[in-house]
Amino acid sequence: MTQTQLATSTLLAAAAAAAGTLTYAALSAQSQLFGKLLIAPPNPNEIALTYDDGPNDIATERLLEVLARNNTRATFFLIGRYVQQRPAIARAIAAAGHLIGNHTMTHPWLAWQSANRIREELTSCNAAIEDTLGTPVRYFRAPHGARRPAVFRIAHELGLTPVQWNLLPGDWKPISAREIADRTLSGIIRNQRQNRSSNIVLHDGGQSGLGQPRLPSVEATSLILQHYKNRPEIRFVTVDSWN
């Protein structure tokens, strides 16, 4: 190999490594290379149930019933356009005492958007939620967890704390409630072995539109709560208790 070929090979390898690092920083749920994230503290007995992509017809309302029966508060990251279309459901979430966060207006991959688009997505979602509920929004989850430094900068300028997760059961896939619950319970055990709380992402809606079939996630929530019903050392919390 000539010196030119060697130099080219070295540059390509360095570029590939840099691209891999940037992709990890943008998409890995727990990477903090681009900025500080709220994930989960070192308290293995605390669990945060969080729900993305609502409000959604039927599923969100039934989920609220399950949470109420189990005297459990959760965190809901809402899509702004759905809040505008289903304000009564958003108000029901707030009236039940759950924490509501910003999940953007239309659910784009923010890591690949311009700064203007990022700001518009966050400010529009804030406005939709605040106009509906009359209270400020303080927490934000990026769709798909995708972010870059501009996302953090704009979120902080708007007074939003970015929140990720450390448990993703994949409930948006066509799997049963039992499988969703089993994946979640196994993940909680893994986190406990690492002396960490569990920040669980489930879904009561979907980015494709209203009416997404999320009843298995609702039933899985019931199974998870029943599993811990006689475990007084386990506490279900909202993410603001970790900030």
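In the predicted model, Y228 has a relative accessible area of 6% and is therefore classed as buried, the cut-off for that class being under 20%. The ring of Y228 is paired with that of F236 in an edge-to-face arrangement, with 6.1 Å from centre to centre and an angle of 70° between the planes. A search of the whole structure returned 2 aromatic pairs, one of which is that of Y228 and F236.

In soluble globular proteins, nonpolar side chains tend to be buried together. In this model, the largest nonpolar core comprises 43 residues. Within this core, the residues that touch the most other members are L49, Y51, L67, F76, L78, L122 and F140. When residues up to four places away in sequence are not counted, the contacts of L67 include L49, Y51 and F76, together with T72, A74, H98, T221 and L225. Another core, of 13 residues, lies apart from the largest one and has L99, Y139, V237 and V239 among its members.

The largest pocket has a volume of about 280 Å³. Its lining is made up of 18 residues, of which H107, H144, W172, H203 and Q207 are the closest to the pocket centre. Classification of the lining gives 9 polar, 6 nonpolar and 3 charged residues. With regard to secondary structure, at least two lining residues are supplied by strand 1 (46–54), and at least two by strand 6 (198–203).

Definitions and conventions: Residues numbered from 1 in each chain as written. Predicted model: local features only at pLDDT ≥ 70, side-chain atom pairs only at ≥ 80, totals over all residues. Heavy atoms only, no water. 1 Å grid on protein atoms, 1.4 Å probe; cavity = no way out; pocket = protein on both sides within 12 Å on 5 of 7 lines; lining within 4 Å. Points joined across faces, edges and corners; volume = space filled by probe spheres on them. Helix = DSSP H or I, 4+ residues; strand = E, 2+ residues; numbered from the N terminus. Nonpolar A, V, L, I, M, F, W, Y, C, P; charged D, E, K, R; others polar. Core = buried A, V, L, I, M, F, W, Y, C linked by side-chain atoms within 4.5 Å. Buried < 20%, exposed > 50% of the residue type's maximum accessible area, 1.4 Å probe, protein only. Contact = heavy atoms within 4.5 Å. Phe/Tyr/Trp six-rings, centres within 6.5 Å; stacked < 30°, edge-to-face > 60°.
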